[in-house]
Amino acid sequence: IIAMRLRGKHKPTFTPHMDMGDNVIVINADKVQITGNKRSEKVFWHSGYPGGIKSRTVGAILEGKFPERVLEQAVKRMLQGNRLSRQQMTHLRIFAGTAHGMEAQQPQVLDVKSMNPKNTRAA
């Protein structure tokens, strides 16, 4: 849902080659829930620098200093790998706690939990 909002696919004026998306602010990134055994088995392998092959599990990153990197990488991998996606990623702001310095922009609350069909239990 975050990647779709960044791209602008929720708007009727969506154009694939233009940045039509909104700015997205994500709070409480340290409280993200991951299904299955991904917290202990999914591994991030590279630091981003040449020769920087290192391995850390998702659980270690979430409990570390920068837990917002897990969400940032997930959204980045949902976008295309080109100049436009790098521009769209600048519109994403992720915060580990509830405090953020974006109150002056008057953000609208988007309840992602109610929009996701996976959050409802089937009887």
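**A positive patch and its setting**

On the surface, Lys38, Lys42, Lys76, Arg77, Arg83, Arg86 and Lys118 gather in a patch of positive charge. Helix H4 (68-78) and helix H5 (83-89) are the elements that give two or more residues to this positive patch. Patch members have over 30% relative accessible area and no salt bridge, with like charges joined within 9 Å; a salt bridge is a side-chain nitrogen of Lys or Arg within 4 Å of a carboxyl oxygen of Asp or Glu. Each charge is placed at NZ of Lys, CZ of Arg, CG of Asp or CD of Glu.

The model is predicted: local features need pLDDT of at least 70, side-chain atom pairs count only at pLDDT 80 or more, and totals for chains, interfaces and linings use all residues. Residues are numbered from 1 along each chain as its sequence is written, and side-chain values use heavy atoms, leaving out hydrogens and water.

Take Arg77, which lies in helix H4. Arg77 counts as exposed because its relative accessibility is 54%, and exposed means over 50%, buried under 20%, with partly exposed in between (1.4 Å probe, protein chains only). Of the protein's 123 residues, 22% count as buried.

Now for the fold. The protein has six helices and four strands, in the order α-β-α-β-β-α-α-α-β-α along the sequence; these are DSSP runs, with helices (H or I) of at least four residues and strands (E) of at least two. Its C-alpha atoms fill a box of roughly 45 × 40 × 35 Å along the principal axes.

Note on methods
Patches are made of residues with over 30% relative accessible area and no salt bridge: like charges are joined within 9 Å, nonpolar side chains (Val, Leu, Ile, Met, Phe, Trp, Tyr) within 5 Å. Accessible areas come from the Shrake-Rupley method with a 1.4 Å probe; for residues, only the protein chains shown count as cover. Lys and Arg count as positive and Asp and Glu as negative; His and the chain ends are not counted.
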